[in-house]
Amino acid sequence: MSAPFESVGRRVPRLESREKVEGRAQYIADLYRTGMLHGAILQSPFPHARIRGYDLAEALAMPGVHAIVTGDDFAEPDRMGAFIKDEHALAKGKVRYVGEPVAAVAADTEAIARAAAQAIRVDYEELPALLSPEEAVASTVHIHEEVEQYFKVFDAGSQGNLCSRTEFSEGDIERGFRDSDLVFENRFETQAQAHVALEPCGALAEVDPQGRLTIWSANQSVFRVQACVAEALGIPMTRIRCLTPRIGGAFGNKMEPHVQPIAAALALKAKRAVKMILTREEDFEMVRARHPFKIRIRTGVKRDGTFVAREVEVLLDCGAFADDSPGVLGFGLLCARGPYRFPHVRCHGRLVYTNKLRFGAYRGFGNPQVSLAGESQIDDIAEKLGMDPIELRLKNILRGDDRALGGQMLTSNGLKECIERARDASGWASAAPVPASPGKKRALGFALCGHISGLLASGAIVRILEDGTAVLNVGANDIGQGSDTVLSQMCAEALKIPLENVAFVSPDTDGSPYNWGTTASRVTFMTGRAVVGAAAEVEKKLKQQASEMLECAVEDLELVPGGAVAVKGVPEKKIGFFEIAKRSHWFAGGPIIGSHSWVYDRPTLDPKRAAAIGLPFPRIGAYSFSAIVVDVEVDEVTGAAEVKRAWSACDVGRAINPLLVEGQIAGGVAQGIGFALVEEMVWDGARLANPTLMDYKIPTTREVPYELHPIIVESHDAEGPFGAKGVGEVGLVPVPAAIGNAVKRATGVRLFKLPFTAERILRGMLGTKQ
Amino acid sequence: MDTGLFRPVSVAEALALLARLPDAKLISGGASLVAMINARLAEPAALVSLAGIEELKQIAEAPGGGFRIGAMARHRDLAAESRFSGTLAVLQMAAAQIANATVRNMGTIGGAVAHADPGLDYPPALVAADARIEIAAAAGRRRMAAAEFFVDWFTTALQPGEMVSAVHLPAARPGIGLYHKFARVSGDYATVSVALTMVREGSAISTRAAIGGCGPTPLMLAEANRLLSGDPTAEDLRRAGNLLQAAADPVDDVRGSAEYRLMLIPRMLARAFDEARLHAGAAR
Amino acid sequence: MSDTLHVTIKVNERSVAFDVPLTETLLTSLRDRLQLTGAKRGCNQGVCGACTVMLDGVAVRACLSLTANCEGQSVLTIEGTGADRAIAALQDAFIEAGALQCGFCTPGQLIAARALLEQNSDPSVEEVQKGMSGNLCRCTGYNKIIDAVRTAAGKLHA
């Protein structure tokens with residue numbers, strides 16, 4: 001490395017800060033069109049019922065109503081679904097959960113649209129409702145009667161109410177347990193968590209004079225919206241353009257469609273723009289949530305603490321539609337071994353349809369759930385062996401040539417450093433820990449994790465404008481995590497130009513290169529690599545131009561800071577980008593465009609090491625790591641646990657923007673605290689009982705510690721752009737286990753069910769049945 | 001005109017409007033009512049705003065001690081009321097823990113009290129403070145003990161056409177008042193709350209404890225208060241907790257199960273009592 | 001007899017006349033009639049704080065205020081704070097500290113922070129946590145917001 005970086009590594013405030021603090025940022029609800037209509041949805045009152053017919057007469061007759069759509073407006077084959085195509089835009093033939101969209105109205109005002117929606121009569125014939133995976137798997141009543149005929153992108157093994165099944169194995173699990181000195185088995189259960197992005201879901205669909213659909217929406221991928229609308233409406237993608245306004249958080253809720261296909265169908269039918277913004281209650285009831293997991297985990301170890309065998313079995317509640325669930329099952333199982341050496345592993349599980357809201361992508365994607373199980377059990381194993389829980393982990397973590405589950409190579413591994421820095425910063429080994437306040441018990445707790453950032457496809461296009469500045473076009477949405485800024489920094493760095501000379505283009509399916517989505521902690525790594533690749537192509541072309549202008553060989557040239565190409569060692573002999581741009585536009589070579597697109601291509605599985613059944617994603621990798629210590633106090637009267645301090649060390653390869661990396665770590669920890677202690681979607685029979693912010697609580701300023709210390713570890717990944725990997729999820733994943741371990745160490749109570757409410761902890765302390 | 005927003009300038013005018021428009025709703029701070037309107041749980045065609053009635057906004061010292069708190073007094077002002085000392089601090093503490101600073105700018109004691117949500121912070125505090133609710137009716141004003149005012153879930157002793165005009169606090173007595181609240185997160189309604197006043201005159205201690213969140217109305221028992229007064233032993237304290245626990249009738253909801261609430265009653269009572277006794281300077 | 005009420009309110013120093021239904025909230029009027037979309041609808045129940053505006057100098061929830069009930073009052077939204085020294089200091093501090101990510105809660109946070117600083121010009125960490133507990137954020141974990149508020153406080157009373 002010669003000169004230090006100018007952009008990469010700098011704590012640059014996010015590029016769109018000014019507009020956000022001045023209230024000028026435009027989110028989907030802030031978009032208005034002259035003459036636009038408002039959409040409203042009629043939701044299903046039943047968890048499972050056939051739709052016999054609709055009576056739209058009263059609704060259609062209401063003044064101000066322009067169009068109504070029902071399941072009849074969508075063709076039977078037109079189904080969407082990321083892994084299994086099982087979902088129409090609106091309920092068709094059947095309703096499968098209370099709250100499911102059944103019909104939608106476009107009207108002059110929101111009030112009229114809502115009133116008209118309520119005036120739609122639907123003739124239902126109720127069917128038995130299956131409200132738990134156990135009930136569903138045992139029932140002859142099938143939620144998706146044609147599940148075996150649905151198109152699937154992988155070998156799901158769908159049958160009856162079994163949506164998919166997946167299994168990974170390495171070594172010989174039975175032999176592994178036989179070789180173990182001690183075997184531990186526990187069961188854990190996790191709850192449904194709601195995303196609660198501050199911005200509810202919404203869309204604005206309009207039809208242009210050519211009859212093409214333009215769809216703005218709160219989304220994590222304009223390309224997923226485009227594909228899903230194409231599938232759900234049965235129209236070609238060339239007739240659909242998807243764009244993105246500013247997005248008010250997502251966390252997985254906006255990765256797959258919500259109301260976009262419905263708004264689009266209304267716009268086509270009404271021939272007017274239609275805006276549809278969900279209420280907070282609808283956002284809770286209608287969209288998606290984190291999968292409840294039931295986990296059985298069995299781990300065999302040697303007396304000296306060496307890990308030998310681990311078996312993890314999971315049962316997932318899929319909800320009414322598959323959505324991203326097969327991916328969550330598969331990814332959860334892939335993470336269930338943890339970033340440890342286990343010669344013998346078997347991770348298997350089932351995903352079962354139920355008549356509840358669909359469960360889908362949510363920050364962590366199955367890893368927080370399995371990490372709760374694995375990291376809690378390891379602490380108990382340490383206690384049994386008389387070992388420090390961190391020492392036990394250090395003994396077994398992946399290092400050197402060790403592979404991830406399945407056989408993935410680790411292209412960088414800062415896990416040990418994460419562990420040591422979190423441990424040392426927290427004073428873990430101190431002989432004099434911070435005493436508990438009166439009436440409280442207090443202890444530190446630890447947990448760690450690995451998580452991926454490489455999967456599926458991304459592209460980038462960089463163009464040099466006539467004045468020598470650059471335009472960066474990537475198709476990756478910034479959902480608040482700061483990717484616009486980070487990618488711009490990478491582009492500026494690669495071209496050695498000031499950050500303000502890079503214009504960042506908002507994602508648009510018409511003009512942007514494909515990006516699968518902003519999810520899975522992948523944008524820094526995947527799209528960043530594409531940006532670096534595109535910039536490299538631009539560099540090549542700039543040098544080609546310069547070599548002609550300076551009459552020298554391309555190999556003798558280098559980019560120099562400020563936007564110029566110079567002869568190596570002869571800085572006076574240089575040509576600025578402006579001059580090159582002029583020549584390229586008007587004289588020779590053509591305007592300079594560089595592009596790069598790629599799909600993550602390292603196989604998940606090395607068939608010489610591992611076997612898999614029902615692998616939902618054949619190529620996934622690029623591991624980041626995290627270790628967290630939490631300092632927890634438990635109130636002896638109420639049982640309430642409070643995180644007083646936290647140290648989260650995350651290996652991000654390289655922090656392109658440390659300010660934004662800290663923000664992602666802190667936000668992940670906060671959302672993990674909510675998942676661990678307080679948040680729970682509660683069903684009262686088939687109906688969601690707490691679909692409001694009065695009843696479903698997320699952490700406020702008083703539940704997240706101010707002393708939340710993000711610690712950035714940089715392992716310089718060989719394959720990451722500037723060595724960078726993802727950070728979006730690693731902050732959250734180990735939090736529930738760390739808190740559970742702290743509670744155990746403070747009170748002696750081991751909890752097996754999330755959330756660790758005050759009630760559960762108190763019952764544990766009193767020894768009463770949970 | 002029978003619809004629209006009315007702005008009376010006196011209580012008499014407000015009552016006359018309520019008599020003329022039986023479907024009209026009163027609006028003070030608006031926080032609860034507008035939330036219901038937004039959720040389409042209420043669709044009033046007429047509203048009577050109390051914001052223009054001066055007497056309702058005053059927090060006045062009563063001759064002979066005590067306070068008359070107008071129904072329009074905001075949570076924010078009660079939370080900052082340094083004149084609520086001694087036993088009256090129970091009300092100041094309760095007000096300070098309602099929701100959050102912004103909502104406290106809007107909400108009023110009259111609106112909260114008339115709404116009678118059992119998760120609210122005022123009801124147990126008012127019962128422990130031995131407050132009296134002033135009700136204005138066409139026939140005149142009357143006062144009622146807080147304990148009698150809260151009748152059932154979201155139900156008070158208000159008859160149609162009546163309104164809460166003020167809350168009366170007795171003179172502060174030497175001692176302490178405190179309000180302990182357990183909730184899932186800051187600003188949530190209480191799962192369980194304990195409002196406790198402890199008067200210390202010489203060596204005599206007289207305690208009133210009211211439990212919130214554990215039934216349709218705040219729970220206070222004379223027998224429990226008797227056990228908590230004088231010079232209670234640990235056994236007295238335990239029996240008082242058990243009595244309250246046995247008399248409580250909490251529900252299961254997302255804030256906590258009924259069983260958990262019952263568990264909390266004696267535990268939180270003990271903590272509140274010990275803290276009160278410490279600050280009131282008792283011997284044991 | 002019409003279904004709407006005629007109401008005159010000062011919004012960001014300008015007098016504005018509305019004809020609104022009785023049950024229309026100030027949030028709806030600001031956003032849909034005046035395109036002042038800085039105040040956001042996050043829950044419509046007064047819990048999330050994204051709709052916080054100033055009404056007669058006091059921070060309130062626009063989603064819980066009825067426009068018809070604001071006759072003669074004065075509303076300040078984030079769009080009207082251009083000349084406000086406290087807001088300017090807070091905005092700069094939020095930007096520098098990284099106290100915003102998606103930005104949806106940010107206008108409400110700024111208004112609430114301004115109200116806090118008016119009451120308490122030098123708040124401790126705990127006082128900021130208490131004073132701003134009514135503004136939810138799902139992105140930041142709050143600690144950078146707390147830092148930004150205290151930095152602005154320092155600058156304002158330097």
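User: Which residues of α10(A) meet which residues of α17(A)?

Analyst: In this predicted model, A:Pro368, A:Ser371, A:Leu372, A:Glu375, A:Ser376 and A:Asp379 of α10(A) meet A:Pro736, A:Ala737, A:Gly740, A:Asn741 and A:Lys744 of α17(A), where contact requires C-beta atoms, placed from the backbone, to lie within 7 Å. By class the contact comprises 4 nonpolar, 4 polar and 3 charged residues; Ala, Val, Leu, Ile, Met, Phe, Trp, Tyr, Cys and Pro count as nonpolar, Asp, Glu, Lys and Arg as charged, and the others, Gly among them, as polar. Helices (H or I, at least four residues) and strands (E, at least two) are DSSP runs, numbered from the N terminus. Residues are numbered from 1 along each chain as its sequence is written, while chains are lettered from A and ligands numbered from 1 in the order in which they are written. Local features need pLDDT of at least 70 and side-chain atom pairs count only at pLDDT 80 or more, whereas totals for chains, interfaces and linings use all residues.

User: At what angle do α10(A) and α17(A) pack?

Analyst: Two packed helices are described by the angle between their axes and the distance between the axes. Here α10 (residues 367–385) and α17 (residues 735–747) of chain A pack at about 30 degrees, with axes 8 Å apart; axes are lines fitted to C-alpha atoms over the stretch in contact, and angles run from 0 to 180 degrees between N-to-C directions. The pair is therefore roughly parallel, a term for angles under 35 degrees.

User: How many residues of chain C are in contact with chain A?

Analyst: In that contact, 40 residues of chain C face 44 residues of chain A. The largest share of the chain C side, 4 residues, comes from α2(C), and this side divides into 19 nonpolar, 16 polar and 5 charged residues.

User: What should I look for in phi and in peptide bonds?

Analyst: Most residues other than glycine have a negative phi, and most peptide bonds are trans. A:His716, in the loop between β29 and α17 of chain A, has a positive phi of about 55 degrees, and C:Asn44, in the loop between α1 and β3 of chain C, has one of about 60 degrees. A cis peptide bond, with omega about -10 degrees, joins A:Leu754 and A:Pro755.

User: Is C:Asn44 buried or exposed?

Analyst: C:Asn44 counts as buried, with 25 C-beta neighbours inside 10 Å, whereas A:His716, with 15, is partly exposed; buried means 20 or more other C-beta atoms within 10 Å, exposed 12 or fewer, and partly exposed in between.

Terms used: Angles under 35 degrees count as roughly parallel, over 145 as roughly antiparallel, 65 to 115 as roughly perpendicular and the rest as oblique. Two residues are in contact if their C-beta atoms, placed from the backbone, lie within 7 Å.
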